[in-house]
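I set aside this page for what I looked up in one structure, entry by entry. The sequence and the model come ahead of the notes.

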Amino acid sequence: MEEKMRIAVVTSGGDAPGMNSCLKAIVDIASRKNIEIIAFKRGFNGLINDDWQKLEPKDVAFIFSVGGSLIYAGRCKEFQEESGKQKALATLKKHNIDSLIVLGGDGSMRGSEELSKYGINIYVIPVTIDNDVNCTDRSIGFDTAINNAINMIDNIKQTMLANERIVLVEVMGRYKGDIALYSALASESDIVVTAEQPFTKEQIKKAILKEINKGNPSPTVVISEKLFDVPSLAKEIEKEFGKECRGIVLGYMQRGGGPTVYDRLLSLRMASCAVHCAVKRMKTSAICIDKGEVFPMPISKAIKAPLRVHKKHLALFDELHK
Ligand code: F6P
């Protein structure tokens with residue numbers, strides 16, 4: 001009797017809403033094709049430590065609409081070393097794994113590319129709130145994160161306006177400004193500061209002053225993380241301007257919660273594409289979406305994709321605010 005195909009899955013890096021939806025879709029689609037799914041826990045750590053569980057449809061029955069990751073997410077320093085990769089390979093071999101599906105961001109994609117050189121086919125599904133995987137227009141989790149962010153910014157703006165306060169809101173995104181740009185546009189914030197649209201402290205203050213001089217009683221600034229210490233900058237501005245200013249870090253509130261419809265559908269489409277790639281034993285690929293189409297891109301091309309800057313959105317922000 002021919003042995004069942006076995007696909008391994010890991011959820012790597014920071015978790016993102018839609019990670020569970022995608023995991024469930026992989027298990028459900030694979031099971032209909034009589035393929036076994038072996039999940040390794042905590043990202044690549046599970047491969048190194050041989051920590052795994054078999055997943056069947058009953059195990060993932062209730063996770064589609066839930067944030068986080070059933071099999072735990074995780075970054076893995078040891079995997080960056082040659083010895084770590086060798087341990088991961090030995091585990092894959094021990095379990096007779098045909099291919100590996102990795103749900104993760106930019107770092108997971110690079111790690112997968114290196115591991116694939118040892119002869120294992122890997123399919124990387126971009127799952128990260130940061131939208132920083134350049135080969136794809138969207139990563140799973142981004143849409144939910146920006147919806148979470150604008151809900152919070154809308155609320156913050158209302159109470160800040162009632163008190164005529166200036167407010168600085170820090171959003172996540174690692175080194176990419178997409179969460180800041182999209183949420184600033186959609187919440188009608190006045191100023192956006194990102195790595196792609198950098199501001200010095202003095203420029204931020206000047207832009208706030210311009211808003212105040214225009215008669216705006218409560219200028220709102222959305223700032224990408226890692227650029228400033230936002231609470232201290234708010235204190236500095238309050239002191240200099242003699243006007244109340246609050247610095248708010250949205251943090252993990254953006255990364256939790258059930259995925260939006262967009263992220264659920266993208267999860268289903270990308271999961272289906274990855275399982276099809278595995279069945280066809282295609283070479284290592286990243287699963288991408290561009291112009292509404294989901295497709296696999298060879299990993300060597302995917303990791304060289306140029307930085308995606310959302311120029312039209314930047315131009316729109318300038319048109320509204322400059
Ligand atoms: O990559 C996703 C992300 O949420 C980034 O936006 C953020 O910089 C980072 O993870 C936070 O990581 P950690 O969960 O390790 O604090």
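Entry 1, a strand pair. I began with strand β6 (residues 166-171) and strand β8 (residues 220-224), and I noted that they pair in the parallel sense over five bridges. The model is a predicted one, and I read every entry below with that in mind. Going along this pairing, I found V169 opposite V222 in β8, and I found E170 opposite I223 of that strand.

Entry 2, the other neighbour of β8. I looked up β7 next and saw that it pairs with β8 in the parallel sense over three bridges. Here I191 has V221 in β8 as its bridge partner.

In which order do the four strands of the open sheet stand? I wrote down β7-β8-β6-β9, with parallel pairing. I marked β7 (191-193) and β9 (245-249) as the edges, because each has a single partner strand and therefore has one side left without a neighbour in the sheet. Neighbouring strands of this sheet are turned by 15° against each other on average, with direction ignored.

I asked myself why β8 can be called largely enclosed by the rest of the structure. Five of its five residues are buried, so I let the description stand. I recalled that in a regular strand the side chains alternate between the two faces of the sheet. In β8 I saw T220, V222 and S224 pointing one way and V221 and I223 the other way, all of them buried.

Entry 6, aromatic pairs. I counted two aromatic pairs. F44 and F79 are stacked, at 4.0 Å centre to centre and with 5° between the planes. Since F44 lies in helix α2 (residues 44-49) and F79 in the loop between β3 (52-55) and α3 (82-94), I noted that this pair ties together parts that are 35 residues apart in sequence. Both F44 and F79 are buried. For F142 and Y182 I wrote edge-to-face, because their ring centres are 5.2 Å apart and their planes stand at 85°, and planes over 60 degrees apart count as edge-to-face. F142 belongs to helix α5 and Y182 to helix α6 (residues 178-186), so the pair ties together parts that are 40 residues apart in sequence. I checked these two for burial as well, and F142 and Y182 are both buried.

I found K85 over the face of F79, at 5.5 Å from the ring centre. I also found R138 over the face of Y262, at 5.2 Å from the ring centre.

How many residues does each domain bring to the contact? I noted 13 residues from domain 1 and 12 residues from domain 2.

How values were computed. Residues numbered from 1 in each chain as written. Predicted model: local features only at pLDDT ≥ 70, side-chain atom pairs only at ≥ 80, totals over all residues. Heavy atoms only, no water. Pairing = 2+ DSSP bridges. Axes fitted to C-alpha atoms, helices over the stretch in contact; angles between N-to-C directions. Phe/Tyr/Trp six-rings, centres within 6.5 Å; stacked < 30°, edge-to-face > 60°. Buried < 20%, exposed > 50% of the residue type's maximum accessible area, 1.4 Å probe, protein only. Lys NZ or Arg CZ within 6 Å of the ring centre and 35° of its normal. Contact = heavy atoms within 4.5 Å.
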